[in-house]
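The structure is shown first, and the notes follow by topic.

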Amino acid sequence: MARNVKLRIWRGDSKDGALKDVTVEANEGEVVLDVIHRVQATQMGDLAVRWNCKAGKCGSCSMEINGKPRLACMTQVASFGDDETITVTPLRAFPIIKDLVTDVSFNYKKAMEVPAYEHPKNLAPGEARMEQIDVERSQEFRKCIECFLCQDVCHVVRDHEENKKSFAGPRFFIRIAELDMHPLDMLKNRKKTAQEEHGLGMCNITKCCTEVCPEHIKITDNAIIPMKERVADIKYDPVRWLGTKIRKREGL
Amino acid sequence: MTLERHKYDVLVIGAGGAGLRAAVEAREAGLRVAIICKSLFGKAHTVMAEGGAAASMGNVNDKDSWKVHFRDTMRGGKFLSHYRMAELHAKESPDRIWELETWGALFDRTKEGKISQRNFGGHEYPRLAHVGDRTGLELIRTMQQKIVALQQKDGRETGDMESGIKVFAELTITDVLKENGKIAGAYGYWRESGEEVLFEAPAVVIATGGVGKTFKITSNSWEGTGDGHALALKAGANLVDMEFLQFHPTGMVWPPSVRGILVTESVRGEGGVLTNNLGERFMFKYIPDVFKDKYADNEAEADRWYVDQDNNRRPPELLPRDEVARAINAEVKAGRGTEHGGVFLDVSKRIPAEVIKKRLPSMWHQFYELAGVDITKEAMEVGPTCHYIMGGVEVEPETAAAVGVPGLFAAGEVAGGMHGSNRLGGNSLSDLLVFGRRAGMGAIEYLKNNGANPVSDAAIAKAKAKIQAPFDRQGGENSYSLHAELQEVTHNLVGIIRTGSEIKEAIEKIAEIRKRSANVAVSGGRVFNPGFHLAFDLDNMLLVAEATAKSAITREESRGGHTRDDFPEMDTKWRQVNLISSFDGEKVNIRQQALPTYPKELFDLFDIHELEKYMTPEETSKGGTN
């Protein structure tokens, strides 16, 4: 059954903006993206919102709904009370372009800074043999749909623009972890560079990223903590530290 | 303000699987490449592909080979595929999959540690390389990361990571430009700012995907507006067989949050039944004579089949896709549908909740999370969903070069010919790898003899005026409502089941909407303005819909993704014919063109009795070309 819902939508651009109240019809089973689309088609033809698949698979419609980073296509209108106003605002960690659309180029820049996969030189196409159990660890991280909600929620950059330069963010920690755990990747020292170049050390494991991940990837437990532990082992264990000096390899 | 200009060797329009694969090929040959995405990098519709990529690696059954894959593909397309495309596809897809592994892809494994392969409809052996149900995401991410790898290499060599290959995200191309009869570049605008951009490039690869948004119910995202089909048409290229669209019989029609999303066949396989608004289990009325011995004509027997498949006939809900779709369509048209134009598909009354959750976990999860529909408690509302277009740009198989336009290439869903009248599941991911690469190779080859082809000021002025026009009109038509009208027309009149009189009506209505669309006005500014974006998408969709409707009225038979109620049989005469759409600046024209004859070695891969069902006696007696 259709009912009216109260929406409060942030409208504006990089210079200025404000929350605008609208009332819009919502049908049973609809998600927040549906009612935003209805506002767009009937009341605000130029309302900017990113979206693509509308099935929780592409990670485009990231925004903050009642203050929480979420995918609008995966947030049901019915999950809010009948009289509750649903407030939708753009991702806070990124510069605003217009309305609900932010400039997420930070993430693509960080993606370019993570050294690529390096295939074994003597392993021809088709010759790779890997156990399912070994590929599964990296596969968990490759489920990432790049919605960047984890990047948005992470307090290291959320309100600290100055940290962005030296901090890749949870999405790219799982990318590094994925390559580090890849059974064939030949590039050494991924954990060390995560620590030294991508800001792994700045993360203090509040697990907010894991909490907002729509793919339920255990970002903190399965990627960040294991990398941190290994880094700590090697850096602070005197015997292993000595080993790295004597054998001239990092062991990371 | 000065116009933003870029010069490249190759411009790739579209950043799904085919576009990215073409870009990789061209860059690895040393060419400078620009990639245009309509949305953010890595969001293209390729991510939605679940099943896998078909390639006869023979990892699970070593009897598989390119010949078997070729045969399956030709059968699936009812022998209308371009034989050479199907041959290249079958031969090259294993290499394309293995190559992805060298770029870091992690497919699911067999016990021996090889790439696992799964069974799929129409494929004789387990053939689909996969990663759970997110194979498309793996493909696109792997190629996205391969492009980053190429950029890092360029960065090491030149100090600028974007010196050799650059991604232009959230940019729409409105015109492909030609000078002196050859490709010269493309014109478009940044979706974010609305500011215009000129690309000068002597080779353009179109890889823009599908046309689903032309239809009311579709599994495609907003990007599937047939941009590449329309750009190619307007640039003088041909489209081939635009009447062939793949509809899935059971897409969700309600609630809107999941409209178009597919309900897998296994829901029916597990005991789901289809009912109309009278509560009738209507499929028993729609069993064609040829299937009468295989399908139960009463509920009692149909229900027994689920426990005893040896002594009972199958329930009619499990008839082939087109039969189920036809039945649903007939019920809705007879006024026995749901209020949202579908029928009910129910498992909740037949299977205990815990069994549903165990056997159909992702289905249960998806509808519960996306729409609050609990399929263990209530019926789903389903109907035919537009899923994939087989028709597309007419290309040379070896080079993916668009016929008739030097410098233009097309690959992936936007290209035609490969899948004939019907695509097999799993063949689209392999198609985009094989022909994405070939489009890149085609561009490389073309550029050996063709250099820069500067764009004239006159062409720029024309492209500029087109983008400005909707802002200058006062109080004209609204693009959202015209789009909705078009979707009603296509859905109702050139949808899954067609008849001559309805298609004729559709052609008239599309022409009328097209006339009104010339008067679309846009409110608001240029910055990220979806109403403005839709004005251009709409123009593309109208052209595609016209090509589809006019091809559909011409082909007087039923084959694969084209079903005519007034011509229900497949006709061997029509198998010899491709329908070619071209654009004269005002309207789409259709002409018939003979399908190439198979060379003997491919002809001989089939049992002659099988070919006799599809070919005329003259063709079979000839036995191929040589």
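The model is predicted. In chain A, A:R137, A:S138, A:F141 and A:R142 of α3(A) touch A:I174, A:R175, A:A177, A:E178 and A:M181 of α6(A). Sorted by class, this contact between α3(A) and α6(A) holds four nonpolar, one polar and four charged residues.

**Helix pair in chain A**

- Helix α3 of chain A covers residues 132-142 and helix α6 of chain A covers residues 170-181.
- Their axes come within 8 Å and cross at roughly 160 degrees.
- Angles over 145 degrees count as roughly antiparallel, and α3(A) and α6(A) are therefore roughly antiparallel to each other.
- The crossing in which α3(A) passes α6(A) is left-handed.

**Domains of chain A**

- Chain A is assigned domain 1 (3-102) and domain 2 (105-246).
- The C-alpha centres of domain 1 of chain A and domain 2 of chain A are 31 Å apart.
- Twelve residues of domain 1 of chain A and 13 residues of domain 2 of chain A take part in the contact between them.
- On the side of domain 1 of chain A that touches domain 2 of chain A, seven residues are nonpolar, three polar and two charged.

**Contact between chain A and chain B**

- Chain A contributes 50 residues to the contact and chain B contributes 52 residues.
- On the side of chain A that touches chain B, at least two residues each come from α1 (32-42), β6 (96-98), α2 (105-113) and α3 of chain A.
- The largest share of that side, five residues, is supplied by α3(A).
- By class, the side of chain A that touches chain B consists of 23 nonpolar, 14 polar and 13 charged residues.

**Chain B: overall form and domains**

- Chain B contains 19 helices and 22 strands.
- For 626 residues, a compact globule would have a radius of gyration near 25 Å, and the 24 Å of chain B agrees with this.
- The C-alpha trace of chain B spans about 75 × 60 × 55 Å along its principal axes.
- Three domains are assigned in chain B: domain 1 (16-131 + 142-201 + 224-244 + 390-438 + 445-458), domain 2 (245-387) and domain 3 (474-565 + 572-594).
- The C-alpha centres of domain 1 of chain B and domain 2 of chain B are separated by 34 Å.

**Helix packing around α15 of chain B**

- Helix α14 (residues 500-517) of chain B and helix α15 (residues 530-554) of chain B have axes that come within 9 Å and cross at roughly 160 degrees.
- That angle makes α14(B) roughly antiparallel to α15(B).
- α14(B) passes α15(B) in a left-handed crossing.
- From α14(B), the contact residues include B:I503, B:I507, B:I510 and B:I513; from α15(B), they include B:L538, B:L542, B:A545 and B:A549.
- Charged residues are also part of this contact, among them B:K504 and B:R514 of α14(B) and B:D539, B:E546 and B:K550 of α15(B).
- By class, the contact of α14(B) with α15(B) comprises eleven nonpolar, two polar and five charged residues.
- Helix α5 (residues 227-234) of chain B also packs on α15(B), with axes that come within 8 Å and cross at roughly 75 degrees.
- Crossing angles of 65 to 115 degrees count as roughly perpendicular, and α5(B) and α15(B) are therefore roughly perpendicular to each other.
- B:D227, B:H229, B:A230 and B:L233 of α5(B) make this contact with B:N540, B:L543 and B:V544 of α15(B).
- Four nonpolar, two polar and one charged residues form the contact of α5(B) with α15(B).

**Backbone details**

- The peptide bond from B:W254 to B:P255 is cis, and its omega is near -5 degrees.
- B:P255 sits in the loop between β13 (245-254) and α6 (266-269) of chain B.
- A:N189 is a residue other than glycine with a positive phi, near 65 degrees.
- The loop between α6 and α7 (190-196) of chain A holds A:N189.

Methods: Residues are numbered from 1 along each chain as its sequence is written. Chains are lettered from A and ligands numbered from 1 in the order in which they are written. This is a predicted model: local features need pLDDT of at least 70, side-chain atom pairs count only at pLDDT 80 or more; totals for chains, interfaces and linings use all residues. Domain bounds come from an automatic or database domain assignment. Two residues are in contact if their C-beta atoms, placed from the backbone, lie within 7 Å. Axes are lines fitted to C-alpha atoms, for helices over the stretch in contact, and angles run from 0 to 180 degrees between N-to-C directions. Helices (H or I, at least four residues) and strands (E, at least two) are DSSP runs, numbered from the N terminus. Angles under 35 degrees count as roughly parallel, over 145 as roughly antiparallel, 65 to 115 as roughly perpendicular and the rest as oblique. A crossing is left-handed if the near helix is turned anticlockwise from the far one by less than a right angle, and right-handed if clockwise. The radius of gyration is taken over C-alpha atoms; the globule rule is 2.2 Å times the number of residues to the power 0.38.
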